Amino acid sequence: ITVIGEAAVGGLVGENNGGTIRNARVFGDVTSTRGAVGGLAATNSGVIQNVETSGDVTDVDPTDAPSSTFVGGIVGVAESNSTIQNATSSSNVKGSTVDRGGNKVGGLVGQNSGVIRETFAAGSVSRGADSTIGGLVGDNEDPLSDAGTIEDSYFDKQKTGQATSAGSATPLTTTEMQGQAATENMRFDFDNTWTTTSEYPALR
């Protein structure tokens, strides 16, 4: 797919307001010309479970855009009542080149104040101008709410090009995340939810 829009732009939905998105795959390019953008959803205040994205997620805000931008491989902004579980993104994530202050860019989520559990990111993550950036999450605290919770979540520090991430996400090498090595380094439910492959773990 190819999705281009303004404000809240997602590969599947613009905003998930209290709903449940489960067993979804989005393969394609998602671009916002201002605001929040995510490979699956721009913003989430519901449940996202068993999902995968790939492609390019890009913010190309014009110079007159009024506010900060939030860019993530799965979700741009995960709000305090958001849950993202069993999710993977190999999307290439790129933040705005406009220096506006406060841009948030992450391989999975741009800004998180919810719960992220059993996830990983393995696409390139690049900052635009004046961005807070992370391999999995760009910023793990909304100024208006408590810090988010990140559990059993990882990012490929080689593929993302990032050594750190907001919150408690764990950086691993490509070798540590692929094949049978994943079962030793990633605390996933490989019996019921995930399976190993010759590359990264895949959802069953």
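**Parallel sheet, nonpolar cores and an aromatic cluster**

Five strands form an open sheet in the order β2-β6-β10-β14-β18, with parallel pairing. The edge positions belong to β2 (9-10) and β18 (131-134), each of which has a single partner strand, so one side of each is left without a neighbour in the sheet. The model is predicted: local features need pLDDT of at least 70, side-chain atom pairs count only at pLDDT 80 or more, and totals for chains, interfaces and linings use all residues. Residues are numbered from 1 along each chain as its sequence is written, and side-chain values use heavy atoms, with hydrogens and water left out.

**Strand pairing**

- Strands (E, at least two residues) and helices (H or I, at least four) are DSSP runs, numbered from the N terminus; two strands pair if DSSP finds at least two bridges between them.
- β2 pairs with strand β6 (residues 36-38) in the parallel sense over two bridges, and Val-9 stands opposite Val-37 in β6.
- Strand β11 (residues 75-78) pairs with strand β15 (residues 109-112) in the parallel sense over three bridges; here Ala-78 stands opposite Asn-112 in β15.
- β15 also pairs with strand β19 (residues 137-139), in the parallel sense and over two bridges, with Asp-139 in β19 as the bridge partner of Gln-111.

**Ser-153**

- Ser-153 lies in strand β20 (residues 149-156).
- Ser-153 is buried, with a relative accessible area of 1%; buried means under 20% relative accessible area, exposed over 50%, and partly exposed in between (1.4 Å probe, protein chains only).
- The side chain of Ser-153 reaches the backbone oxygen of Glu-151 at 3.0 Å.
- Not counting residues up to four places away in sequence, Ser-153 touches Ile-116, Arg-117, Glu-118, Thr-119, Leu-136, Ala-169 and Thr-170, where contact means heavy atoms within 4.5 Å.

**Nonpolar cores**

- A nonpolar core is a set of buried Ala, Val, Leu, Ile, Met, Phe, Trp, Tyr and Cys residues joined through side-chain atoms within 4.5 Å.
- The largest nonpolar core has 22 residues, of which Leu-40, Val-51, Val-75, Ile-84, Val-109, Ile-116 and Leu-136 touch the most other members.
- At least two residues of this core come from each of β4 (20-27), β8 (47-54), β11, β12 (83-89), β16 (115-121) and β20; β4 gives the most, with three residues.
- A second, separate core of twelve residues includes Ala-182, Phe-188, Trp-194 and Tyr-200.

**Aromatic pairs**

- The whole structure contains six aromatic pairs; rings of Phe, Tyr and Trp (its six-membered ring) pair if their centres lie within 6.5 Å, and planes under 30 degrees apart count as stacked, over 60 as edge-to-face and the rest as tilted.
- Phe-120 and Trp-194 have ring centres 5.9 Å apart and planes at 45°, so the pair is tilted.
- Because Phe-120 lies in strand β16 and Trp-194 in strand β22 (residues 194-195), this pair ties together parts that are 74 residues apart in sequence.
- Phe-120 is buried, with a relative accessible area of 2%, and Trp-194 is buried at 0%.
- Tyr-154 and Phe-188 have ring centres 5.6 Å apart and planes at 65°, so the pair is edge-to-face.
- This second pair links distant parts of the chain, with Tyr-154 in strand β20 and Phe-188 in the loop between α2 (181-185) and β22, 34 residues apart.
- Tyr-154 is buried, with a relative accessible area of 4%, and Phe-188 counts as buried at 10% relative accessibility.
- One aromatic cluster is formed by Phe-120, Tyr-154, Phe-188, Phe-190, Trp-194 and Tyr-200.

How values were computed: Polar contact = N/O pair within 3.5 Å; in protein donor to acceptor, adjacent residues only side chain to side chain.
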